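Please open the structure in your viewer and keep a selection tool at hand. The tour below goes from one selection to the next and says what is to be found at each stop.

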Amino acid sequence: MKPTIMDYTRDQLADLVKPAFRAKQIFGWIYHSYADSFEEMANLPKALRAELAERFILNPLKILRKEEASDGTIKYLFELPDGKTVETVWLKMKEAQYDVEGKLLHEAKHTVCVSTQVGCKVGCSFCLTAKGGFTRDLTPGEIVAQVLAVKKDNAHAANRRVNIVYMGMGEPLDNLDNLAAAIRILKDENGLAISGKRQTVSTSGISTRIDKLGQMDLGVHIAISLHAVDDDLRTELIPMNKAYNIASIIEAVRRFPIDTRKRVMFEYLVIKGKNDDIASAKKLIKLLQGIKAKVNLIYFNPYPGSDYQRPEREDMVRFQQYLIDHGLLCTIRDSKGIDISAACGQLKEKTKELA
Ligand code: SAH
Ligand code: SF4
C-alpha cells in the first residue's frame with residue numbers, strides 16, 4: 001500500500017522530492033490550505049503533482065461515522081487505508097466570548113483527542129479498547145491526519161490554536177517512534193505549528209519509555225494514568241503494572257523534563273468501591289509529595305458488559321475536596337460528550353453492533 005505523504009517530516013520530504021524547497025510548498029498545501037488533491041497544488045509543476053499522486057496517499061482517513069453531543073463534542077470514527085478504524089474526538093473546552101456589542105472577545109477553545117494505535121496491547125481491565133486486543137500501530141501520518149481532518153471538518157483555520165491530547169485508542173508510548181515523528185510534524189511551523197506545550201501524551205505508565213520520551217526533548221507534557229495507589233489494585237486494573245510498578249513510574253516522572261510553569265497530570269479513574277475511599281486519597285497525597293502534580297479525577301464510564309461501576313458524585317467530590325484540603329491541585333473531568341458513547345473505544349463498538 002502507498003504511504004501517506006503526512007508520514008514525513010519536512011526534512012524527510014525534502015529528501016524524497018527534488019528540489020528540496022518543494023517540501024515547504026507541499027507542507028503549505030497540506031497543512032495551511034487543506035488541499036484535497038495533489039492536482040490543486042498549483043505552484044508545483046504538473047509532472048511533480050502527477051508523481052506525488054503516484055507515490056503517496058494525500059489523506060489516509062475517511063469519516064465513517066460522526067456523533068455530535070449537545071455540548072459541542074464531536075466524536076469521529078475514521079477508516080484507515082486498510083479498512084481498520086480509529087476514533088478521534090473534537091472537544092470544545094471553552095465557548096467563544098463576545099462583549100455587549102457582539103464583538104468577539106476570544107474564540108472558542110478546542111482540544112483534539114487523538115488515537116495512536118488500532119486497539120491496544122496493555123489490556124486494562126476497565127477499558128473497552130483493550131477488549132478488542134491489538135491490531136496495529138498507526139503511522140505518523142495517520143496520527144497527524146486525525147488532527148488535520150477534524151480541524152478541516154470543523155472549518156477551523158490552520159492558524160487557529162488547538163491542543164492535542166494523545167488519549168484516544170492505544171498506548172502512545174508503545175508506538176513511540178511514530179508518535180515522536182507525528183509530534184515533530186505537528187510542531188513544524190510550516191505545518192500546523194502546534195507547539196510541544198500544546199501536546200500532552202497520556203500513558204498507562206511504561207516507565208522506561210517515559211524516560212525515552214523525556215530524552216527526545218520534544219517539549220510535550222505527560223499525563224500519567226495512575227488510577228490506583230497500591231500495586232495490587234493497579235495490577236488488577238493495568239496488568240503491565242507488574243513490570244512497571246507505581247514506584248518506577250513516579251521515579252520516571254521525577255526525571256521527566258517539565259516546563260517550569262507546568263505540572264504533570266495524574267489521571268485517576270475512579271471506580272465505585274475500588275479506589276474512591278479517603279484512605280486512597282491519603283495515599284495519593286503521600287505518593288505525589290514533592291512532584292509538581294495535578295490530579296484529574298475521571299468517572300469510570302460503564303459500557304455493556306463492563307465489570308466496574310460509575311462512582312457516586314458525592315464520593316467523587318469528597319475525594320477531590322480531601323486532596324484540595326491537603327494542597328493538591330485536583331479537578332474532576334467533566335464528562336464531555338456523555339450523551340454520545342464518550343469513553344474511548346465506545347463509538348467503534350457501537351458501530352460493530354450496528355453492522
Ligand atoms: N493508553 C493511554 C491513553 C489512552 S486511554 C492511557 O491509558 O493513558 C485514555 C484515558 O481513557 C485513560 O486515562 C484511561 O484510563 C481512560 N479510560 C479508559 N476506559 C475508560 C472508561 N471506561 N471510563 C473512563 N475512562 C476510561
Ligand atoms: Fe490501552 Fe489506555 Fe485502554 Fe489501557 S486504558 S487498554 S493503556 S488504551
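Begin by selecting ligand 1, which is surrounded by 20 residues, the closest being Gly170, Ser202, Ser225, His227 and Asn301; a residue is counted as near a molecule if one of its heavy atoms lies within 4 Å of it. This is a predicted model, in which local features need pLDDT of at least 70 and side-chain atom pairs count only at pLDDT 80 or more, while totals for chains, interfaces and linings use all residues. Residues are numbered from 1 along each chain as its sequence is written, chains are lettered from A and ligands numbered from 1 in the order in which they are written, and side-chain values use heavy atoms, with hydrogens and water left out.

Now display the polar contacts of ligand 1, meaning pairs of N or O atoms within 3.5 Å. An oxygen atom of ligand 1 lies 2.7 Å from a polar side-chain atom of Ser202, an oxygen atom of the ligand is also 2.7 Å from an N or O atom in the side chain of His227, and a nitrogen atom of ligand 1 is 3.4 Å from a polar backbone atom of Phe126. Of the 540 Å² of accessible area that ligand 1 has on its own, the protein covers 94% (Shrake-Rupley method, 1.4 Å probe).

Colour the strands next: strand 10 (199-203) and strand 13 (293-299) each supply at least two residues of the shell around ligand 1, strands being DSSP runs of E with at least two residues, and helices runs of H or I with at least four, numbered from the N terminus.

Move on to ligand 2, whose surrounding residues include Cys120, Cys124, Cys127, Gly170 and Glu171.

Then colour by domain, using the bounds of an automatic or database domain assignment, which gives domain 1 (5-55) and domain 2 (62-354). In this interface, 14 residues of domain 1 are in contact with 20 residues of domain 2, contact meaning heavy atoms within 4.5 Å. The area buried between the two domains is about 1400 Å², with 60% given by carbon and sulfur atoms; buried area is the accessible area (1.4 Å probe) that two parts lose on being put together, summed over both. Met6, Tyr31 and Tyr34 supply 45% of the area that domain 1 buries against domain 2, more than any other three residues.

Stay with Tyr34, which lies in the loop between helix 2 and helix 3 (46-55) and has a positive phi, near 55 degrees. Finally, select Pro19, in the loop between helix 1 (10-16) and helix 2 (22-32), where a cis peptide bond with omega of about -10 degrees joins Lys18 and Pro19.

Notes. Polar contact = N/O pair within 3.5 Å; in protein donor to acceptor, adjacent residues only side chain to side chain.
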